Amino acid sequence: MRNLINKLRREQRLENEEWKQLLEAGKAEREGGAVFSLEENDSLLAYSACQARQVREEIFGKAIYIRGLIEFTSYCKNDCYYCGLRRSNKEAERYRLNQEEILSCCRKGYELGFRTFVLQGGEDGRLDDQWMEQMISRIKNEFSNCALTLSVGERERKTYLQWKNAGADRYLLRHETADSEHYKNLHPKELSLARRLDCLRNLKDLGYQTGCGIMVGSPGQTTEALIKDMEFMKMLQPEMVGIGPFLPQHSTPFAGEKAGTLEETLFLLSLIRLMLPKVLLPATTALGTVREGGREMGILCGANVVMPNLSPADVRKKYLLYDNKICTGDEAAESLSSLKKSMEKIGYEIVTDRGDSPMKKEREKHV
Ligand code: SAM
């Protein structure tokens with residue numbers, strides 16, 4: 001199996017059958033009780049992590065980019081079976097920040113050293129395209145040396161263009177799964193994989209630094225579905241990939257489902273780094289939720305981004321995609337100094353930088 005990891009590092013691709021062997025071997029190892037450890041060099045997970053770290057360091061050195069996450073609305077018109085923000089969740093406490101509140105999150109973040117802001121939210125019908133356009137312009141006018149990432153779901157191409165013209169730089173839209181049957185198991189019938197993928201192609205085409213991604217261990221996820229995910233990512237060539245474990249939320253149809261595991265997420269992070277060496281790869285909040293120190297382990301498996309929470313403290317516990325979300329500790333932007341220390345402890349350094357994709361810089365060189 002190490003040969004396959006070596007091949008992935010060398011060629012940044014595997015054949016379908018090779019993916020199957022590698023993913024199945026990782027699964028067998030986890031079922032045998034393997035846990036992540038840097039010292040345990042016999043395991044496939046430790047070996048892939050070590051290779052992924054080397055690749056990451058060749059490209060990004062020891063730098064860790066930080067993004068200030070502003071979860072600005074918890075209203076959502078969608079009804080995804082896994083998500084605590086789904087419209088049928090009557091228990092969810094809904095909130096929506098106004099533009100002044102969002103700007104004050106950015107000001108606080110800027111002072112702390114953030115040079116990227118991520119506006120993430122449900123698909124909130126009240127916040128129309130013009131409202132978003134105005135919000136984007138206001139942020140970019142006040143923080144002209146910062147990057148702005150949007151993560152507000154599926155929109156028309158013309159809307160993505162309007163927001164790009166207003167100054168948005170990046171867009172995160174996890175594809176969730178590249179297998180259409182699996183997609184149907186996770187979403188109600190009004191949502192389709194074809195439309196989600198169309199949105200991603202439009203974002204790429206319009207020049208956004210684009211992020212796709214999946215939940216690891218989501219209900220019904222098979223090895224075949226994961227292979228399709230890897231092949232889709234290879235084809236899309238995203239600048240960013242967001243993956244984290246699926247975690248159940250008690251008032252969704254998936255309340256009783258098993259959570260995705262730390263080890264599987266770490267293994268996939270390292271394989272994604274080997275397949276897409278230049279990708280911006282966050283160690284997500286969900287990873288920090290599934291195990292204490294999970295984000296640091298993510299960094300040790302090839303991730304190079306963390307996204308501390310810049311939302312006002314009183315709304316953080318209302319943005320509950322899943323249960324037990326960490327929302328008072330090191331994931332919070334105020335705790336940046338302790339995050340810095342924990343990253344230094346594992347040999348990495350948080351930098352004050354927009355942290356653009358190297359793919360963007362290369363494109364600009366050729367213009
Ligand atoms: N509405 C936007 C969208 O659809 O892309 C952005 C917000 S959405 C809540 C952000 C991401 O949260 C989703 O793409 C999904 O992968 C993740 N998510 C939702 N529920 C989750 C759960 N129960 N466990 C882990 N991740 C979850």
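A cavity here is a set of grid points where a 1.4 Å probe fits but cannot get out. By that criterion, four cavities of 30 Å³ or more are found in the structure, which is a predicted model.

The largest cavity has a volume of about 990 Å³. It is lined by 46 residues, and those closest to its centre are Gln120, Arg174, Glu176, Tyr319 and Leu321. Strands S2 (68–73), S3 (116–121), S6 (209–216) and S7 (240–245), together with helix H11 (285–290), are the elements that give two or more residues to this lining. Sorted by class, the lining of the largest cavity comprises 24 nonpolar, 13 polar and nine charged residues.

The second largest cavity has a volume of about 80 Å³. Its lining includes Arg67, Thr116, Val118, Arg170, Leu172 and Met307. At least two lining residues come from each of S3 and strand S5 (170–172). By class, the second largest cavity is lined by seven nonpolar, two polar and two charged residues.

Strands of a sheet pair through backbone hydrogen bonds, in either a parallel or an antiparallel sense. Here three strands form an open sheet in the order S8-S1-S9, and the pairing is parallel. Strands S8 (305–306) and S9 (349–351) stand at the edges with a single partner strand each, so one side of each has no neighbour in the sheet. Strand S1 (residues 63–66) pairs with S9 over three bridges, and Ala63 is opposite Glu349 in S9. Helix H14 (residues 336–345) packs on this sheet and touches S1, S8 and S9. The direction of H14 makes about 135° with that of S9.

Methods: Residues are numbered from 1 along each chain as its sequence is written. This is a predicted model: local features need pLDDT of at least 70, side-chain atom pairs count only at pLDDT 80 or more; totals for chains, interfaces and linings use all residues. Side-chain values use heavy atoms; hydrogens and water are left out. Two strands pair if DSSP finds at least two bridges between them. Helices (H or I, at least four residues) and strands (E, at least two) are DSSP runs, numbered from the N terminus. Contact means heavy atoms within 4.5 Å. Axes are lines fitted to C-alpha atoms, for helices over the stretch in contact, and angles run from 0 to 180 degrees between N-to-C directions. On a 1 Å grid over the protein atoms alone, a cavity is a set of points where a 1.4 Å probe fits but cannot get out, and a pocket is an open set with protein on both sides within 12 Å along at least five of seven lines; lining residues have an atom within 4 Å of a point. Grid points are joined across faces, edges and corners, and a volume is the space filled by probe spheres set on the points. Ala, Val, Leu, Ile, Met, Phe, Trp, Tyr, Cys and Pro count as nonpolar, Asp, Glu, Lys and Arg as charged, and the others, Gly among them, as polar.
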